[in-house]
Amino acid sequence: MTTVFSLKFNCFLLLLCLSLSGCQQESSPLIKIGERSITLSIFRQEIKPLQTELVLLPSEQQKLLLRQALSQLIDQELLLAEAQRRGINISEQELQQAMTDLRGNYTADEYLEILHNAGQNPERWMQQLRIRLLSSKVAARVTSGKSLIDSLQVQEYYLQHLDEYRRPEQLQAKQMLLATEEEAIKLRNRLLAGESFSKLARQFSISPDRENGGDLGLFSLGQFPPEFDNILFNLTPGRVSQPVKSPYGIHLFLVDKRLKAGVLPLAEVESTIRQQLQSTEEAQLYRQWLQELRERTEVQIDWEQLDKLHFNKAE
């Protein structure tokens with residue numbers, strides 16, 4: 001009896017040692033970033049979306065892509081640690097609002113189906129969205145008040161990029177869409193007698209833009225079908241066109257004003273340029289801050305574990 005018990009106990013100890021050895025191997029970190037650790041299995045999970053690309057690459061290119069993914073994961077962990085240190089977080093309301101913005105006109109179920117069809121895990125996608133929102137918050141915090149763009153910088157950029165601000169000839173016009181030519185002629189006569197185009201458009205037009213008086217906004221040559229362009233760009237501002245037939249019905253057009261081709265004035269684009277320059281400078285400041293964060297954080301990588309990682313089509 002004692003021999004049997006001893007044998008069973010020894011087997012138990014052997015299994016326990018093997019189990020502990022396996023756990024120790026699994027818990028051996030692939031990366032240590034300060035106090036944070038990432039195991040190989042976690043890294044494999046993180047790079048799962050890359051697997052279909054990895055299996056098509058030769059060994060050396062796989063290594064290169066894996067090292068790039070490792071670098072991105074390190075940056076992500078640095079950001080998460082910094083967000084925690086600064087008390088920055090993403091509320092459920094912020095996350096839901098971001099999801100709503102991304103979905104656009106799709107319902108939650110439709111967007112979920114889109115994710116599934118794209119091979120995306122919804123939970124992982126949500127996690128990555130949260131991380132992107134956190135990254136934006138951290139970036140805003142570390143660059144706040146450090147990017148100051150003055151008027152001279154704006155003017156210099158404008159003068160160096162004048163071609164970007166050249167505009168073609170543009171028109172601002174209104175239209176009315178009617179079912180029959182007879183109705184169009186009657187309404188044109190009322191317009192020639194001085195009645196308001198916007199008012200009649202709201203009352204009689206069958207086009208969706210009737211709600212804003214038929215306003216087409218500003219447009220340049222080529223944005224409408226050629227048969228419309230031929231009428232509009234040869235129409236004197238303030239004049240009502242003859243009825244114009246299209247597959248949709250009968251149109252009446254009125255050109256409100258004509259803007260000549262030329263360079264947009266600085267005053268008109270100044271705020272856009274300032275915002276563009278500020279975004280560029282903030283991005284540079286953020287990259288610099290992240291590089292400094294890397295340099296002052298102790299990062300240890302088990303390159304041997306990483307180099308043994310290989311993907312083939314059988315996986």
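Mentor: Touching, or contact, means heavy atoms within 4.5 Å. With that cut-off, Phe-219 touches Glu-169, Gln-170, Leu-171, Ala-173, Phe-224, Leu-232 and Phe-233, leaving aside residues up to four places away in sequence. Bear in mind that this is a predicted model, where local features need pLDDT of at least 70, side-chain atom pairs need 80 or more, and totals for chains, interfaces and linings use all residues. Numbering starts from 1 along each chain as its sequence is written, and side-chain values use heavy atoms, without hydrogens or water.

Leu-259 is 40 residues away from Phe-219 in sequence, yet their C-alphas sit 9.9 Å apart.

Now zoom out. Phe-219 belongs to strand β5 (DSSP runs, numbered from the N terminus: E of at least two residues for strands, H or I of at least four for helices). That strand is part of an open, antiparallel sheet of four, ordered β5-β4-β7-β6; pairing takes at least two DSSP bridges. β5 (215–220) and β6 (244–246) are the edges, each with a single partner strand, so one side of each has no neighbour in the sheet. From one strand to the next, the twist averages 40° (0 to 180 degrees between N-to-C directions of lines fitted to C-alphas, for helices over the stretch in contact).

The partner of β5 is β4 (residues 170–178), antiparallel to it over five bridges. There, Lys-174 stands opposite Asp-215 of β5. Helix α10 (residues 197–204) packs on the sheet, touching β4 and β7, at about 40° to β4. Helix α9 (residues 181–192) also lies across β4 and β7 (249–259), at about 35° to β7.
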